[in-house]
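Take a look at the chain below.

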Amino acid sequence: MDIAWTRAEASASGQVFEFRLWAALVEQSAGGLHVFLPLADRGIDAMVHRLTDGAYFRVQAKGRSSLNGGEVRLAVWAVALLDDEALIVGGLVVEGGLGPTMLAVPVGDFKRLAESTSEHGEPVYSMSFGMRPRSDSRWLPYLVPTERLVERFGFASTVMTPELPGLEPRPSWRSDVGFQGEAEVVSLLSASPDLNLFRPFPDLETAELVALHLQTRRAAGLQIKTVGIDSSHPTGAVMVLASSFRPSPTTYLVVLAWLRDEARFHEQCLLIPSEELSALAQPNESEGHLRIEWTPGSRSPGRLDAHRRRLADLNADVVALVAPWASPDQ
């Protein structure tokens, strides 16, 4: 923009900053970082997933569209800074991009180093930094050139993610029943006051939905599959594209079954740790996919028995993956 953002346009400029930030992280990491955006505003602006090890970063983005005395000035309500391990990423929106310097600081350090003031009786933390940081600035350890921001997420800015061998993934589109399955899982999990849900931007990886526990700050990524079955075809094939499948301790597969004859979901679903999927799949890939045969409600013993769940209990099952009593590696 040739004209500075007005006060009335502050919300729009903040959105511009966020989307430019997300795009920069994906670009600098060559897809090694994947961004999930919240379905409900509960203080975290994005979950950034590091695909190399499955780690999730909780990010609060703070953008400004103009400098104050030559510096970016950030003022944040204390009530918005409850997660000390979340990462505040702040910077300047400029014509066509972001300013040359970015702030990337854990919330706990931000509160420790920022000035504590108040407005209308409510506590506020404030700080400022310039585009050419001074060597004596207490914020210097948390300032980074914008083109190297990815380093704060565990990536070397000069190292590109190696391409995996094999054919490039074919274009694919979700079926209507697949979308219904995703919407059903979102509806079930959104009923929990303990979870915040995030969708990917863009949809590039195994996880299609991230559930963040608001107390433990643990996260679980979910890939959601829906198979269609009926009285003539009681078994469905679960297909997972092998070329984009990345198992990790924080990622799970959720499978629902749509009863075509009755236009509803089966009472049973599957919840499978992604690291166990290959062992459960057919011995060989089917047209580049990992394939699992599933007959919902079957009483015959099989390899999927340990992963069968009641669909009505999916909310509680996902909460259990990230709850206070869950093991640290979940």
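This is a predicted model: local features need pLDDT of at least 70, side-chain atom pairs count only at pLDDT 80 or more; totals for chains, interfaces and linings use all residues.

## The largest nonpolar core

The largest nonpolar core has 30 residues. Met 47, Leu 103, Phe 110, Met 127, Phe 129 and Trp 139 touch the most other members.

Which residues does Phe 129 touch, not counting residues up to four places away in sequence? They are Glu 71, Val 72, Leu 74, Gly 90, Gly 91, Thr 101, Met 102, Leu 103 and Leu 143.

## A second core

There is also a second, separate core. This one has 25 residues, including Val 186, Trp 258, Phe 265 and Ala 323. In soluble globular proteins, nonpolar side chains tend to be buried together.

## Aromatic pairs

The model has 4 aromatic pairs. One of them joins Phe 19 and Phe 201. Their ring centres are 5.2 Å apart. The planes meet at 85 degrees, so the pair is edge-to-face; the cut-off for that label is over 60 degrees. Phe 19 lies in helix H1 (residues 10-28), while Phe 201 lies in strand E11 (residues 195-201).

Phe 57 and Phe 153 form another pair. Here the ring centres are 5.1 Å apart. The planes stand at 70 degrees, so this pair is edge-to-face as well. Phe 57 sits in strand E3 (residues 55-64). Phe 153 sits in the loop between strand E10 (143-145) and helix H3 (176-190). The pair links parts of the chain 96 residues apart. Phe 153 has 1% relative accessibility, so it counts as buried; the cut-off is under 20%.

## Asp 84 in its loop

Where is Asp 84 found? It is in the loop between E4 and E5. Its relative accessible area is 40%, so Asp 84 is partly exposed.

Leaving aside neighbours within four places in sequence, Asp 84 is in contact with Pro 106, Val 107, Gly 108 and Lys 111. Take Gly 108: it is 24 residues from Asp 84 in sequence, but 4.2 Å away in space, C-alpha to C-alpha. With Lys 111, the side chain of Asp 84 makes a polar contact of 2.8 Å.

Technical notes:
Residues are numbered from 1 along each chain as its sequence is written. Side-chain values use heavy atoms; hydrogens and water are left out. Rings of Phe, Tyr and Trp (its six-membered ring) pair if their centres lie within 6.5 Å; planes under 30 degrees apart count as stacked, over 60 as edge-to-face and the rest as tilted. Helices (H or I, at least four residues) and strands (E, at least two) are DSSP runs, numbered from the N terminus. Buried means under 20% relative accessible area, exposed over 50%, partly exposed in between (1.4 Å probe, protein chains only). A nonpolar core is a set of buried Ala, Val, Leu, Ile, Met, Phe, Trp, Tyr and Cys residues joined through side-chain atoms within 4.5 Å. Contact means heavy atoms within 4.5 Å. A polar contact is a pair of N or O atoms within 3.5 Å; within protein, one must be able to donate a hydrogen and the other to accept it, and residues adjacent in sequence count only if both atoms are side-chain atoms.
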